[in-house]
Amino acid sequence: METTTVRVDIPEGCNIILGQTHFIKTAEDLYEIIATTVPQAKFGIAFTEASGPCLIRTEGNDDALISACVTTLDAIGAGHVFCIYLRNAFPVNVLNPIKNCPEVCRIFCATANPLEVVVASTSRGKGILGVIDGSSPKGVEKESDKAQRKEFLRKIGYKL
C-alpha cells in the first residue's frame, strides 16, 4: 500500500464538504438537500462511482463550483466519495441534513481551512484514510480569546 496526500485548493469564499457515500443517486439527493435547506446557496457537487462505468457524476447550480468539485475528486482518485463546494452558506446550515441522507456513510470534513486529503493506493484502487484540516493548535484560549470567539458568533448571528 502506498499513501500520499492530495492538496485541495478550495475556491475563494467557499467551504468544502468531503464525504463517503455508496449509491448513484447521491448527487441528486445532495442537490435537493442544499437547494431546499439554503435556497440562496451557490454550490457544486460531484460524486465518484466505484463500480460500473466509474464516472464522476455532477450536480449543482454553479458551473465553476461543479468543475472545481470534479478537479478535486479527480485528484483524489477514490471511489464512492463526494465533494461539495458551498458559497453563500456555511456547512453548519446543511451538515445535519447531509448526514441524514440515506446514501451518506461518513463526513471527512466540512471546512474552509487549508486542506490535504490522505489517500491510500493499492492494486485495487484508492481510498481516503483521513484529512488534514487547517493548522495544528498553537495554545489554549485565554479570556480575551474566549471573548473574541463569543463576539464573533454573535456578529454572524449564530448566538444571541
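Student: How are H1 and H3 oriented to each other?

Tutor: Two packed helices are described by the angle between their axes and the distance between the axes. Here H1 and H3 pack at an angle of about 140 degrees, and their axes are 10 Å apart. H1 and H3 are therefore oblique to each other; angles under 35 degrees count as roughly parallel, over 145 as roughly antiparallel, 65 to 115 as roughly perpendicular and the rest as oblique. Axes are lines fitted to C-alpha atoms, for helices over the stretch in contact, with angles from 0 to 180 degrees between N-to-C directions. Helices (H or I, at least four residues) and strands (E, at least two) are DSSP runs, numbered from the N terminus.

Student: On what basis are such values given?

Tutor: The model is predicted: local features need pLDDT of at least 70, side-chain atom pairs count only at pLDDT 80 or more, and totals for chains, interfaces and linings use all residues. Residues are numbered from 1 along each chain as its sequence is written, and side-chain values use heavy atoms, with hydrogens and water left out.

Student: In which sense does H1 pass H3, and which residues meet?

Tutor: The crossing of H1 past H3 is right-handed; a crossing is left-handed if the near helix is turned anticlockwise from the far one by less than a right angle, and right-handed if clockwise. From H1, Leu30, Ile33, Ile34 and Thr37 meet Asn93, Val94, Pro97 and Ile98 of H3.

Student: How many salt bridges are there, and which residues are linked with Lys25 in a network?

Tutor: Side chains of opposite charge can pair when their charged atoms come close. The count is 5 salt bridges, each being a side-chain nitrogen of Lys or Arg within 4 Å of a carboxyl oxygen of Asp or Glu. A network of salt bridges links Lys25, Asp29 and Glu103. Lys25 meets Asp29 at 2.5 Å, N to O, and forms a salt bridge with Glu103 whose closest N and O atoms are 3.3 Å apart. Lys25 lies in the loop between strand E2 (15-21) and helix H1 (26-37), and Glu103 in the loop between helix H3 (91-99) and strand E6 (104-111), so this pair ties together parts that are 78 residues apart in sequence.

Student: What is the strand order of the open sheet?

Tutor: Strands of a sheet pair through backbone hydrogen bonds, either parallel or antiparallel. This open sheet has 3 strands in the order E1-E7-E8, with antiparallel pairing; two strands pair if DSSP finds at least two bridges between them. Its edge strands, each pairing on one side only, are E1 (2-8) and E8 (126-133). The twist averages 25 degrees from one strand to the next. E1 pairs with E7 (residues 115-121) over 7 bridges, and Thr4 has Val119 in E7 as its bridge partner.

Student: Which helix lies across these strands?

Tutor: Helix H2 (residues 63-76) lies across E1, E7 and E8, at about 165 degrees to E1. Ala68 belongs to H2 and is buried, with a relative accessible area of 16%. Apart from neighbours within four places in sequence, Ala68 is in contact (heavy atoms within 4.5 Å) with Pro11 and Tyr85.

Key: Buried < 20%, exposed > 50% of the residue type's maximum accessible area, 1.4 Å probe, protein only.
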